[in-house]
Amino acid sequence: MDTATKLRLKNIPRKICDKCRSKQSYTNPIKKCEECGKRFCFDHISRLYSPKRMKENDELKMVCENCEVRYGYRQIS
């Protein structure tokens, strides 16, 4: 890889978790909350199900803790 490509890749901004302010890396992935659109690391986001808004066979959504309470999401046991 030439130096111009290395510099271009180095200058791409990395995403930051909105709660703990940690940067994205291959060991710390960042995902967007499907309700509010903020970005969170996997420690602060979870896959949940909303019985009011989703069908039984819909895919689980990645939702932050605030949206979990606001929109009535719950874990499937």
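The structure is a predicted model, in which local features need pLDDT of at least 70 and side-chain atom pairs count only at pLDDT 80 or more, while totals for chains, interfaces and linings use all residues. Residues are numbered from 1 along each chain as its sequence is written, and side-chain values use heavy atoms, with hydrogens and water left out.

The chain contains two helices and four strands. Here helices (H or I, at least four residues) and strands (E, at least two) are DSSP runs, numbered from the N terminus. Along the sequence, the elements follow the order α-β-β-β-β-α. The chain is more spread out than a compact globule, because its radius of gyration is 16 Å, well over the 11 Å that the globule rule gives for 77 residues. The radius is taken over C-alpha atoms, and the globule rule is 2.2 Å times the number of residues to the power 0.38. The C-alpha trace spans about 55 × 25 × 20 Å along its principal axes.

Buried residues account for 23% of the 77 residues in the chain. Buried means under 20% relative accessible area, exposed means over 50%, and partly exposed lies in between (1.4 Å probe, protein chains only). The accessible surface of the chain is about 6,200 Å², and 47% of this belongs to carbon and sulfur atoms. Accessible areas come from the Shrake-Rupley method with a 1.4 Å probe; for residues, only the protein chains shown count as cover.

Contacts were also counted. A contact means heavy atoms within 4.5 Å. Of the contacts between residues at least 6 apart in sequence, 26% join residues at least 24 apart.

Charge was considered next. The chain carries 19 positive and 10 negative side chains. The centres of these two sets lie 7 Å apart. Lys and Arg count as positive, Asp and Glu as negative, and His and the chain ends are not counted. The place of a charge is NZ of Lys, CZ of Arg, CG of Asp or CD of Glu.

The structure holds zero disulfides. C36 is in no disulfide, and its nearest cysteine sulfur, that of C33, is 3.6 Å away. A disulfide is a pair of cysteine sulfur atoms within 2.5 Å. In general, a disulfide is a covalent bond between the sulfur atoms of two cysteines. C36 is partly exposed, at 35% relative accessibility. C41 is buried, at 1% relative accessibility. The closest cysteine sulfur to that of C41 is in C17, at 3.7 Å, which is too far for a bond.

Two residues were examined towards the end of the strand region. E59 sits in the loop between β3 (45–48) and β4 (61–64). E59 is exposed, with a relative accessible area of 62%. Leaving out residues up to four places away in sequence, E59 touches R47 and M54. E59 and L48 are eleven residues apart in sequence, and their C-alpha atoms are 9.2 Å apart.

K61 belongs to strand β4. K61 is partly exposed, with a relative accessible area of 24%. Beyond residues up to four places away in sequence, K61 touches E34, E35, S46, R47, L48, M54 and Y73. K61 and E34 are 27 residues apart in sequence, yet 6.7 Å apart in space, C-alpha to C-alpha.

R21 lies between α1 (3–10) and β1 (30–32). R21 has a phi near 65°, a positive value in a residue other than glycine. R21 is exposed, with a relative accessible area of 56%.

N11 also lies in the loop between α1 and β1. N11 is exposed, with a relative accessible area of 61%. N11 and K52 are 41 residues apart along the chain, and their C-alpha atoms are separated by 43 Å.

K15 lies in the loop between α1 and β1 as well. K15 is partly exposed, with a relative accessible area of 34%. Apart from neighbours within four places in sequence, K15 contacts S22, K23, Q24, I30 and R39. K15 and R47 are 32 residues apart in sequence and 20 Å apart in space, C-alpha to C-alpha.
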